[in-house]
Amino acid sequence: MHPDRLAEIQSALQAQNLDAWLFFDHHQRDPLAYRILGFTPASHVTRRWYYLIPRQGEPHALVHRIEAGMLNALPGQKHVYAGWRSQQTELASLLSGLKTVAMQYSPGCAIPYVSMVDAGTVELIRSFGVDVVSSADLIQLFDATLDSGQIESHFWAAQKMDALRAAAFDEARNAVALGRTLTEYQLHVWLREAFDREGLTTDHGPIVAVNAHAGDPHYEPSAASSSEIRAGDLLLIDMWAKRKAPRSVYYDITWTAFLGAAPPTEIENVFSIVCAARDAGFSAVDQSRTARTPLAGFAVDNATRQVIEQAGYGQAFVHRTGHSIGEDVHGTGANMDDLETHDERLILPHTLFSIEPGIYLPHFGIRSEFNVLALPDSARTTGAIQTELLRLV
């Protein structure tokens, strides 16, 4: 861990009035710990380790005797245990005098992305008279806040992905015009192959969905189950990918189109409502950044959801407004959410997230998604914005 990172963490602990940040891992269950501490274990982690960063002073590592070198890459004093009695004795000693420590824990698992520590370990720490609080705000500060290289990687992916998105809709248009069979799954495969050619990678997806399938927010076509894309269909494409390089950041978008010149009025109306809701969410973020006033993720969800509820489609908007984006497509920063969770984390400068409201009906669904980069005194979208339902004729 770079000395500057240690100083930054200790400064944040002091600002948040926390005594320490306690990292814990077993079998590499907490990837956040390794990212934030900036090291990769030299061997498989088969025994529990602890790493305590106090608000001031030297860090302390506690490791098992047979994996005594596990945390050698990190600064601080090293303590060793073998049996469970010495483990608990050494851990109690490490925590002596501390009142409150942060851990990768979320009360009620409200923020699953940071809820990495098991309940038994939290119980053990509390048994020593130490209060365990969530590290969610610290995680956002040290994992979800992007540096200039990561931001550049996002814009690189945006340029590539916007071009591929346009090309995918052209592929659908041409197939229908020529009478060539093209299924959702075939277009899905076409996009995955295009990602690979363009130096992009993704963990899964994309979503290619027509008509009723577009009414399922997480539909994903398969070789065994896929509809043909035909004239008169609504087509939704949700795609996310990042550059094939370390520390790259995802770009995640959703666009919709109609295979024909005259979409049904209901589809156009729903599309307009979704776009208005999306833009209301962005406006809330931009106004808060411009005024330099704090804004929590749940407030963006409320601003977006209100538009859809007032239009009478509240029950058809079944997911949060947006999610944090980072090295993982679902990142560890504040989510735009007051539905699935009440995310009270503030939107921080240099964090990235999606705004993607949707209305999902039995016969079709519309979602419109773009990405937002929060800056110190403004907010900006990071790629093309869909303002009209595409007509593929």
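Seven charged residues, three nonpolar and two polar ones make up the lining of the second largest pocket (Asp, Glu, Lys and Arg count as charged; Ala, Val, Leu, Ile, Met, Phe, Trp, Tyr, Cys and Pro as nonpolar; the others, Gly among them, as polar). This is a predicted model, where local features need pLDDT of at least 70 and side-chain atom pairs pLDDT 80 or more, while totals for chains, interfaces and linings use all residues. Numbering runs from 1 along each chain as its sequence is written, and side-chain values use heavy atoms, with hydrogens and water left out.

That second largest pocket holds about 260 Å³ (on a 1 Å grid over the protein atoms alone, a pocket is an open set of points with protein on both sides within 12 Å along at least five of seven lines, a cavity is a set where a 1.4 Å probe fits but cannot get out, and lining residues have an atom within 4 Å of a point; points are joined across faces, edges and corners, and a volume is the space filled by probe spheres set on them). Its lining includes R5, E8, R35, D143 and R247.

Now for the largest pocket, at about 390 Å³. Of its 19 lining residues, H218, D238, H323, H330 and E356 lie nearest the centre. Nine of the lining residues are charged, six polar and four nonpolar.

There are also two cavities of 30 Å³ or more. The largest, about 60 Å³, has R35, D143 and E327 among its lining residues.
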